[in-house]
Amino acid sequence: MLNTPSLTTIEKFILEQESKFPEATGELSNLLYDIALAAKIIAAAIRRAGLVDILGGLGARNVQGEEQQKLDVFANETIKNCLKHTGRVCAMASEEDEDIIPIPPEYPAGKYAVLYDPLDGSSNIDVNAAVGTIFSVYRRVSMEGRGTVADVLQPGCKQVAAGYAMYGSSTMLVYTTGQGVHGFTLDPTIGEFLLSHPRIVTPRVGIYYSVNESNFGRWSKGIQTAVRGLKGERPDRLKPKNSRYAGSLVADFHRNLIAGGIFLYPADTKNPQGKLRLLYEASPMAFLAEQAGGSATDGVNRILDIVPRSLHQRTPLVIGSREDVGFVADTLREVAERQSGPIPTPAL
Ligand code: FBP
C-alpha cells in the first residue's frame, strides 16, 4: 500500500491560518492563491528562459529610467492577468508602470490594493542568477468602485500581506499576513507550493553583510564607518561578518532572513534618496523582516512608518537581523553627533 506523504500545500496552510479568524471572508486567502499562480507561471518562463526568446532587453525604458527586460514585461503582464478579473482587487501598482493600474470596467472591483515589483534583480536575468517577484497587499481606503491612488499610497504598517517569490536553485514563495513568516517550495513534479519553512525567525545577530561596496566612495561618512564596523573594525560591538552580495534584493534578503545578516542599499551621491523603491521593495521586505524578528530602517526611521508621497519614491534601506540594523543606526547617529552635536534616538 503506497503511503501518501502528509503534504501541506499553500492552500491547506492558508485555510488553516484563515480558520483562526472567524470574521475572515476568504478573499485575502484567494488573493494569495492568485499571486501564487502568477509566481508559478513566471517560474516556468524563467526555467526555460535560455531556450525561448525571453532573455534580453526590449530597448524601451520603464518609469525608473531602466531598460525594460522582456521578462520584466512578461512578469508584469502575468500578474495583471492573474489578478484583474477576480473581483478581489480594486487597484494595482507596479514598479514597471508609471501610474496606478485600474481594474478594467468589465470586472468588479474588490477590497484589496496590490503593489508589486514583477521581476526584482533584473540585472541577473541574462546571467541565470537568482531573481524574484515582490508583492504587498493593503485593504482599500476609498469607499467603493474603482480604486484610487489613496489605496496604494499607504504606509507599510497598514499592509495586510506581503511576500516574495524567489526563482533560485528552487522556486520559493515566502509571505506574511501578520502571523509570522512562512516559506513554501514549488514541487515541480506536482506543480504545488509545499510548506518547507514554517514560522521563519531570523537570528538577532547575523553572519553576513550584503552591500554593493563599489559605491563606497559615494557614501556618507556614517555609512562608510558602519560598513567598516560590519567588516570587523568594531570588535567591541560586533564579530566580523562575511560579505555576500547577489545584486538581487530578493536573493540577498532571503539569505539573510534564513542564515542571519544585514542588507544595505544606502543613499549615495548618485542616488541621494537611495535606489530601492519604498512601495514595491522596502515596505514589503520590512513587514517580512519585522514578522521574522528582524528590523528595517532608512538608517534613521522605521521603514513601516514612512508615509509615501509618490508611487515611485525611493528610500535608503538597512534591513535584516535586529542587532545588526541597530548597530548601523547607532553608528550613523554617533558619526552625525560627532559632526553636529547630540541627536534624539527614534524607536526602531
Ligand atoms: P530591480 O531589478 O527591480 O530594478 O531592483 C533593483 C535591484 O536590482 C535590487 O534587486 C538589487 O538589490 C539592486 O537593484 C542592485 O543594485 P546595484 O546593481 O546598484 O547593486
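## Cysteines

The sulfur of Cys 90 lies 18 Å from the closest cysteine sulfur, that of Cys 157, which is too far for a bond. A search of the whole structure finds 0 disulfides, a disulfide being a pair of cysteine sulfur atoms within 2.5 Å. Cys 157 is likewise in no disulfide.

Cys 90 is buried, at a relative accessible area of 1%, while Cys 157 is partly exposed, at 43%. Buried means under 20% relative accessible area, exposed over 50%, and partly exposed in between, with a 1.4 Å probe and protein chains only.

## Basis of the model

This is a predicted model, in which local features need pLDDT of at least 70 and side-chain atom pairs count only at pLDDT 80 or more, while totals for chains, interfaces and linings use all residues. Residues are numbered from 1 along each chain as its sequence is written, and side-chain values use heavy atoms, leaving out hydrogens and water.

## Helix 1 and helix 2

Helix 1 (residues 10-19) packs with helix 2 (residues 27-47) at an angle of about 160 degrees, and their axes are 10 Å apart. The two helices are therefore roughly antiparallel, a term for angles over 145 degrees. Helix 1 passes helix 2 in a right-handed crossing, meaning that the near helix is turned clockwise from the far one by less than a right angle.

Helix 1 contributes Ile 10, Glu 11, Ile 14, Leu 15 and Glu 18 to the contact, and helix 2 contributes Ser 29, Leu 32 and Tyr 33; contact means heavy atoms within 4.5 Å.

Key. Axes are lines fitted to C-alpha atoms, for helices over the stretch in contact, and angles run from 0 to 180 degrees between N-to-C directions. Helices (H or I, at least four residues) and strands (E, at least two) are DSSP runs, numbered from the N terminus. Angles under 35 degrees count as roughly parallel, over 145 as roughly antiparallel, 65 to 115 as roughly perpendicular and the rest as oblique.
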